[in-house]
Amino acid sequence: MFWILTGALALVLTLLLLIALLRGNRDTGPAEAFDLQVYRDQLREIEKDAARGSIPEDEAARLKIEISRRILAADAAAQKGSEEAGKAGVASYVMGALVAATILGGGFALYMKLGQPGTPDQPLTQRLAEAQQLRDNRMSQEEAEAKIPAQAPVQAPDEYMKLVEQLREAVEERPDDVRGLTLLAGSEANLGNYRRSYELQKKIAELLGDKAGAKTFTDIADMMIIAAGGYVSPEAQVELEKALALDPNDGVARFYGGLLMAQTGRPDIAFQIWDRLLRASRPDAPWVGPIRAQIEELAFRAGVTRYQLPPLPESHDAPSGPSADDVAAAAEMTPEERQEMIRGMVEGLSTRLAEEGGPASDWARLIGALAVLGEQDRAKAIYGEARTVFAEKPELLKQIDAAANRAGLTSE
């Protein structure tokens, strides 16, 4: 029925336009008909003036002869125009073909691209109910992971694998050591063992109890979503809700919250979440790139037809080194105080990279700083994490590898 109605409507519209285009004449007649009427009116006015004596008889006779000649010429032109009025030229036929092709062929092609043939009516209430049903009945975390094809193990340096084995043994001996669990969770993630990573992070959350922050739960959700191939499961959603309850502005939780809405039939809500997050985020935030790559399509799905990506704001990265005041203050410190100040800067940099990410230069600087402080194990763990972060950027990866080599973590 849909195709019959739309096809008939397009055909009728095309025929009306073609008739108007190819008919080639006007209801008002040719233009020369207006000239004839004017000349006849002039002839009558001359006769009236001659009868009243307003003009001499010889002048009136001369004017009548001149106007009569014009009437004869206009009448001949009008007769010729009437004969050709019904004849359409080649240009008219070409234009008619273009009109028909545009309306019939173009309309059909446009609908096949933008429309959904065969789709029944979808009132808003029905779509909202289907979206809610989709959220309520979606796959569990275990089901989603079972659908992910087995991946080849991540190739890591032998030194790094030995470190991970030692870390695993240490965690078995001290299962309540939060720091050890944190390092091992990161190492397992670097090796692609995402399920093991989020299991360790859940253990960390249990040990921290009320001291667990939003990042603790976003780390769990992050690994669960990666393990499920980018799918936000109900179990991952629970962790995201815990994070948002502690910090409603957590960027990772908001990003995945938008992803959940997009996956469950609510692109309108997903677009609103991502658009607000994008406009409020630093340009180097880890979620900015994925959002910018997908939000235009999401806007289209949400019905926002004229969306424009906001320009990237200028980066306000933390300084890459100590300020002049820091250097002056360090000159007056004891060696122990100076070491403590350096350690504080290193920890601050480590925290910022863990929470917000950062350029390769900062990762390289952290690797070198940890090696200088004698924390080789941490430096190796950060090196492994950095290689994962910049795995698809060979030029930046060279910078990371060079820093690790200078720190004695690798051998060229």
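# Notebook: a helical chain, looked up piece by piece

**Entry 1, a starting residue.** I began with Arg168, which is partly exposed, with a relative accessible area of 23%. The model I am reading is predicted. Arg168 pairs with Glu165 in a salt bridge, and I noted 2.7 Å between the closest N and O atoms. Both residues belong to helix α7 (residues 158-173), where they sit three residues apart, about one turn of the helix. Glu165 is partly exposed, at a relative accessible area of 36%.

Arg168 has a second salt bridge, with the side chain of Glu188 (2.8 Å, N to O). This pair links distant parts of the chain, since Arg168 is in helix α7 and Glu188 is in helix α8 (residues 178-190), 20 residues apart. I looked up Glu188 as well: its relative accessible area is 3%, so Glu188 is buried.

How many salt bridges does a search of the whole structure find? The search gives 18. I picked out Lys242 and Glu239, whose closest N and O atoms are 3.8 Å apart. Lys242 and Glu239 are about one helical turn from each other because they are three residues apart in helix α11. Is Glu239 buried or exposed? Glu239 is buried, with a relative accessible area of 8%. Lys242, at 37% relative accessibility, counts as partly exposed.

I then stepped back to the overall counts. The protein chain has 19 helices and zero strands. It holds 412 residues, and buried residues make up 30% of them. I checked the contacts between residues at least 6 apart in sequence, and 60% of these join residues at least 24 apart. The chain exposes about 25,600 Å², of which carbon and sulfur atoms supply 56%.

The average pLDDT of the chain is 80, and 82% of the residues score at least 70. Residues 315-325 have a pLDDT below 50, and this stretch has 10 contacts in the model beyond near neighbours in sequence. Where pLDDT is low, the predicted coordinates should not be read in detail. I left that stretch alone.

Which residues touch the most other members of the largest nonpolar core? They are Val232, Phe255, Trp274, Trp287, Ile291 and Ile295, in a core of 37 residues. Helices α9 (194-208), α10 (214-227), α11 (234-246), α12 (251-263), α13 (267-280) and α14 (288-301) each supply at least two residues of this core. The largest share, eight residues, comes from α10.

Beyond its neighbours within four places in sequence, Trp274 is in contact with Arg254, Phe255, Gly258, Leu259, Ile291, Gln294, Ile295 and Leu298. Another core, of 20 residues, lies apart from the largest one; Val346, Ala379, Phe390 and Leu409 are among its residues.

Ser197 is in helix α9. It counts as buried because its relative accessibility is 0%. Setting aside residues up to four places away in sequence, Ser197 touches Ala185, Glu188, Ala189 and Met223. Glu188 in that list is the partner of Arg168 from my first entry.

Ala404 is in helix α19 (residues 394-406). Its relative accessibility is 0%, so Ala404 counts as buried. Leaving out neighbours within four places in sequence, I listed Ile367, Tyr383, Leu409 and Thr410 as its contacts. I also checked Ile382, 22 residues from Ala404 along the chain; the two C-alpha atoms are separated by 9.7 Å.

Asp362 is in helix α17 (residues 360-372). At 4% relative accessibility, Asp362 counts as buried. With residues up to four places away in sequence left out, Asp362 touches Leu349, Arg352 and Leu353.

Last, I looked at the outside. Leu11, Leu15, Ile19 and Leu104 form a nonpolar patch on the surface, with about 350 Å² of accessible area together. Which helix gives the most to this patch? Helix α1 (residues 2-22) does, with three residues. Leu15 is found in this helix α1. Leu15 has a relative accessible area of 45%, so it is partly exposed.

Note on methods. Residues numbered from 1 in each chain as written. Heavy atoms only, no water. Core = buried A, V, L, I, M, F, W, Y, C linked by side-chain atoms within 4.5 Å. Buried < 20%, exposed > 50% of the residue type's maximum accessible area, 1.4 Å probe, protein only. Helix = DSSP H or I, 4+ residues; strand = E, 2+ residues; numbered from the N terminus. Contact = heavy atoms within 4.5 Å. Areas by Shrake-Rupley, 256 points an atom, 1.4 Å probe, with all protein chains shown as cover. Patch = residues over 30% accessible without salt bridge, like charges linked within 9 Å, V, L, I, M, F, W, Y side chains within 5 Å. Salt bridge = Lys/Arg side-chain N within 4 Å of Asp/Glu carboxyl O. pLDDT = per-residue confidence, 0-100.
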